[in-house]
Amino acid sequence: MKTANVILGLMGLFLLAFIIAMTVIFCVKGAVPDTLIQYTLGAGGVEALLLAGIKISKILSGDKPGESEE
């Protein structure tokens, strides 16, 4: 399995668990920590953006898509 796929899978699982936890907190308390949600989801977006930048730079530099990532 490629490293990028593992990272994206883990990010997806974390964000799913985070969203479920925030939904439960909202149902119990009636409010959520807005700043925590903003920065957590923002950091996930930055991580995905950086991963896309790495992929694009590899394609532009001429690396073959079938080569293994280390």
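Of the 70 residues in this protein, 10% count as buried. The model is a predicted one, and its secondary structure comes to two helices and zero strands.

**Overall surface**
- The protein exposes about 5500 Å².

**How the helices are arranged**
- Helix α1 covers residues 3-29, and helix α2 covers residues 34-61.
- Two packed helices are described by the angle between their axes and the distance between the axes.
- For α1 and α2, the packing angle is about 165 degrees, and the axes lie 11 Å apart.
- Angles over 145 degrees count as roughly antiparallel, so α1 and α2 are roughly antiparallel to each other.
- The crossing in which α1 passes α2 is left-handed.

**Who meets whom**
- From α1, the contact draws on Ala4, Ile7, Leu8, Met11, Phe14, Leu15, Phe18 and Met22.
- Their partners in α2 are Leu36, Ile37, Thr40, Leu41, Gly44, Glu47, Ala48, Leu51 and Lys55.
- Sorted by class, this contact of α1 with α2 has 13 nonpolar, two polar and two charged residues.

**A closer look at threonine 40**
- Threonine 40 sits in helix α2 and is among the residues of α2 that meet α1.
- Is threonine 40 buried or exposed? Its relative accessible area is 15%, and the cut-off for buried is under 20%, so threonine 40 is buried.
- Leaving aside residues up to four places away in sequence, threonine 40 touches Phe14 and Phe18.
- Both of these phenylalanines, Phe14 and Phe18, belong to the α1 side of the helix contact.
- Threonine 40 and phenylalanine 18 are 22 residues apart along the chain, and their C-alpha atoms are separated by 8.7 Å.

Conventions. Residues are numbered from 1 along each chain as its sequence is written. This is a predicted model: local features need pLDDT of at least 70, side-chain atom pairs count only at pLDDT 80 or more; totals for chains, interfaces and linings use all residues. Side-chain values use heavy atoms; hydrogens and water are left out. Axes are lines fitted to C-alpha atoms, for helices over the stretch in contact, and angles run from 0 to 180 degrees between N-to-C directions. Helices (H or I, at least four residues) and strands (E, at least two) are DSSP runs, numbered from the N terminus. Angles under 35 degrees count as roughly parallel, over 145 as roughly antiparallel, 65 to 115 as roughly perpendicular and the rest as oblique. A crossing is left-handed if the near helix is turned anticlockwise from the far one by less than a right angle, and right-handed if clockwise. Contact means heavy atoms within 4.5 Å. Ala, Val, Leu, Ile, Met, Phe, Trp, Tyr, Cys and Pro count as nonpolar, Asp, Glu, Lys and Arg as charged, and the others, Gly among them, as polar. Buried means under 20% relative accessible area, exposed over 50%, partly exposed in between (1.4 Å probe, protein chains only). Accessible areas come from the Shrake-Rupley method with a 1.4 Å probe; for residues, only the protein chains shown count as cover.
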